[in-house]
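Please look over the two-chain model shown here.

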Amino acid sequence: MQTQTLPLGNAAEGFSLVTPAFKTTRVAVDVYLPLEKESAPAYYLLSLLMSDGCAAYPTPRALTERMEALYGASLSVTAAKRGDSLVLAASVVFVDDRFLPEPVFEEAVALLREAVFRPALDASGAFCEADFRREQRMHKEYILGKLNDKRGYARDRCLALLCEGEPYGLSETGTLEQADALTPAEVADAWRRAMREGFFRVSVLSPVERPGVFPAFERELAAFDRAGAGRPAEDLVRPARETVRRVDERMSVAQGKLCLGFRVGMTGGDDETAPVMVFADMLGGGPYSRLFLNVREKESLCYYCVASAVRRKGVLMVDSGVEFANMERTEAAILRELAAMRRGDFTEEDLAASKRALDSALRAVCDSQAVTDRWYAERWFEKRRLSPAEMAERVKAVTREEVVRAAESVAPDVVYRLLGKEEAE
Amino acid sequence: MKRILHTSRTLDERIVEGRHESGLRVLICPKPELTGTYALFGTRYGSIDTRFRRAGEPDFADVPEGIAHFLEHKLFESEDGDAFTRFAATGASANAYTSFDRTCYLFFCSDRWEENLDILLDFVRHPYFTEETVQKEQGIIGQEIRMYDDDPGWAVTFGLLQALYARHPVRIDIAGTVESIAGIDADMLYRCYRTFYNPSNMFLCVAGPVDPDRILDKVDALLKDEKGVTIERGVFEEPDGVVTSSVTRQMAVAMPQFALGYKETPDDGPLTSLRERVETDVLLRIVAGRSSRLYNDLLERGLINDAFSASFFTGHGYAVTLFEGESRDPEAVAAALEEEIGRLRREGIDEEAFKRAKNSLYGQNVMMYNSVERIAGALADCAMEGTDLFAVDEAYRAVTRRDLEERLKGRFDPGRRALSTVTPIKE
């Protein structure tokens, strides 16, 4: 796979990759913005408005009809955290012309440009009131709906505590009060700010070369005063707290959730994070991992107990769903497995199993256009932008000593527990 | 084994099918241009199969709720270590799932597909249960059940199924209850295993850069002496009507959820035909899809958000036209739906809407061939249904507006409707 990068003006770059294995083309625009408590909710609501209409197709119905006419092309706009940045991500995925009775390529890419560069604003330059109210309602309902997924809710709470005071600890949706206070003019301003100040990454993954896509985006960007645009700030990394912070919350639930948040001392780009990846997988990755084999299978304490590391943020979380009465036992069991890894108490086969599983997963990255695109987007600002295959080589080279060092660098920082209502301490 | 080649020139794809004498069906989609292989070995045995016997057995067996799922968990174990350990040696990622009508074991790998296929075919065919290992699993599955107890989406769906079905076991939770699984023992697991994990009741689906002939040869060698078994599934006298038209539950949620369902009778039951499924799919897109009048009207009125979905939920002996979502006023959603059904029955289906629905379904079908996981899943559906993948494409192409208008007449009977809701706990 030959990737290409090309400049598209100030703080804007294009990325292209020819992917003959697929029957679709993916064109995406990522706008990197600072993740801040004050502006995040406006960007979030902006993403909802952009995904449901634009000047050319102003209603959700008109836009969907357009996508259907383009043989099920799928346009999506989201606002999500990526490290300490907020990324407004717009993309269109559509069937390659080879498989269609009529070509759609030009029109599908034009639809993406309409969505990004020409939102449905009124004469005053604000979003239309009716559109705004509809999407604001959905914004608020989405915030409320987060509580419906108890595991996700507990993980979010743990992460917020773990990264308190850092952008990554913020929620991209903001609070209900923040969503409620937004105005149509404010969200339109957020769009203008994103166009002027954001770093643009435009990517094209297509079965054939499509060089014509980039100049069109470059022309669109030239319409904005982008002198103030720049690269996003580096991600913050901080050491663990002196004493572990413990937070319990109570709710009417049948099962408790236990989330342990850790700080990882080894951070940086892919060159340094391979040992952390291997360590996290050995601790709580697949069904061969220590948490699965011991906490689940041997002690029968839970259905899931998983470790996941956040690249470049130096953060690791272990989460599990457990009986209230078994909370302390499970916490101790998890810490026991971490301690064993620090002592190097694992076999060569344990190490090899994780390396093989990671190798398999890394090699499969190229089997999806979306995953491949995401892979490069995640690493866009790193000194060396490793390919999945290069990363697989790094993983293969990780030694037992490096895994132990990664384990030693992990320090507990937060313990978050979701407990039942009736449970008395 | 009989080998059949299906090709689609429009899609530039081929499917190799093997029909073994024992009844096992093998469906392979070679994808030399991709890296990963996804393989799925499944049996027509799910949570609804609570009463059965093998031909020749004197009595039907009634087994505890959740036993198919329990068996799925236990099958990973053998006398000398578990299947996960064997897959760990190749780097494959393995898993399994149980639904209402099937249990599937699967792996995904980036290399050594043959070795992984050997492991898959071996562990599923070699059960090993002891009272001790069965007991250990009760704790793990107990926590899986508890996890679902807190899931409002799960609660609202089973609330609906229990409101619609009086006797059919589609009304019971796939994993059973903490109490029902306490009654499971090794003997029961063996009895279920011997009945349902027989090649005549199973299917193997593979998508990836594989050599179909090698797979079929392998299966031939493994199943040399296997004979088919006839399974008799218990019949549940299910009344036409619903149990109750409305059911509600309070949970620790902030956003109320609903599931609205119509109990349907398949054309020539107990299984829904491919044609019926495809027609209903296109129809639901026109009635309640993202570009429909109904969806957009409900959106503007603040009655739904983009979590809203419409689907046709069907299997052996059950069929439900299902609408799910989040709403502060689900009754108003139901009223609007029925009003729209009435309008469509009177005015007919719009030609433009029909064309768009078909075009976008065609595009989405093409997109499926990008993913080995999705292909293997679709092949499993075909194996369950007794169809083949390109016949499904053909069925979508063959649907006419007339068919849909006919279909509309026999659906959405308000007398066979139920509404299930989950609302926030009132403090």
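Predicted model: local features only at pLDDT ≥ 70, side-chain atom pairs only at ≥ 80, totals over all residues.

Residues are numbered from 1 along each chain as its sequence is written, and chains are lettered from A and ligands numbered from 1 in the order in which they are written. Helices (H or I, at least four residues) and strands (E, at least two) are DSSP runs, numbered from the N terminus.

**Contact between the chains**

- The contact takes 48 residues from chain A and 50 residues from chain B, where two residues are in contact if their C-beta atoms, placed from the backbone, lie within 7 Å.
- On the side of chain B that touches chain A, the elements that give two or more residues are helix H2 (83-88), helix H4 (131-149), H10 and helix H12 (351-368) of chain B, and H12(B) gives the most, with nine residues.
- By class, that side of chain B has 20 nonpolar, 19 polar and 11 charged residues; Ala, Val, Leu, Ile, Met, Phe, Trp, Tyr, Cys and Pro count as nonpolar, Asp, Glu, Lys and Arg as charged, and the others, Gly among them, as polar.
- The axes of helix H2 (residues 60-69) of chain A and H12(B) come within 7 Å and cross at roughly 60 degrees, the axes being lines fitted to C-alpha atoms, for helices over the stretch in contact, with angles running from 0 to 180 degrees between N-to-C directions.
- H2(A) and H12(B) are therefore oblique to each other, given that angles under 35 degrees count as roughly parallel, over 145 as roughly antiparallel, 65 to 115 as roughly perpendicular and the rest as oblique.
- This contact is made by A:Glu65, A:Glu68 and A:Ala69 of H2(A) and B:Arg356, B:Asn359 and B:Ser360 of H12(B).

**Helix packing and the nonpolar core**

- In chain A, the axes of helix H1 (residues 40-51) and helix H7 (residues 184-197) come within 9 Å and cross at roughly 90 degrees, and the two helices are therefore roughly perpendicular to each other.
- The residues of the contact of H1(A) with H7(A) divide into nine nonpolar, no polar and one charged.
- A:Tyr43, leaving aside its neighbours within four places in sequence, is in contact with A:Leu33, A:Ala79, A:Leu86, A:Leu88, A:Ala190 and A:Ala194.
- The largest nonpolar core has 256 residues, and those with the most contacts inside it are A:Tyr43, A:Ala73, A:Val187, B:Ala376 and B:Leu379; such a core is a set of buried Ala, Val, Leu, Ile, Met, Phe, Trp, Tyr and Cys residues joined through C-beta atoms within 7 Å.
- In helix H13 (residues 372-385) of chain B, the buried residues include B:Ile375, B:Ala376 and B:Leu379, a residue being buried if 20 or more other C-beta atoms lie within 10 Å of its own, exposed if 12 or fewer, and partly exposed in between.
- Just after H13(B), B:Gly386 takes a positive phi of about 75 degrees.

**A loop residue of chain B**

- B:Ser245 lies in the loop between strand E12 (231-233) and strand E13 (246-251) of chain B, and B:Ser245 is partly exposed, with 14 other C-beta atoms within 10 Å.
- Leaving aside its neighbours within four places in sequence, B:Ser245 is in contact with B:Arg417, B:Ala418 and B:Leu419.
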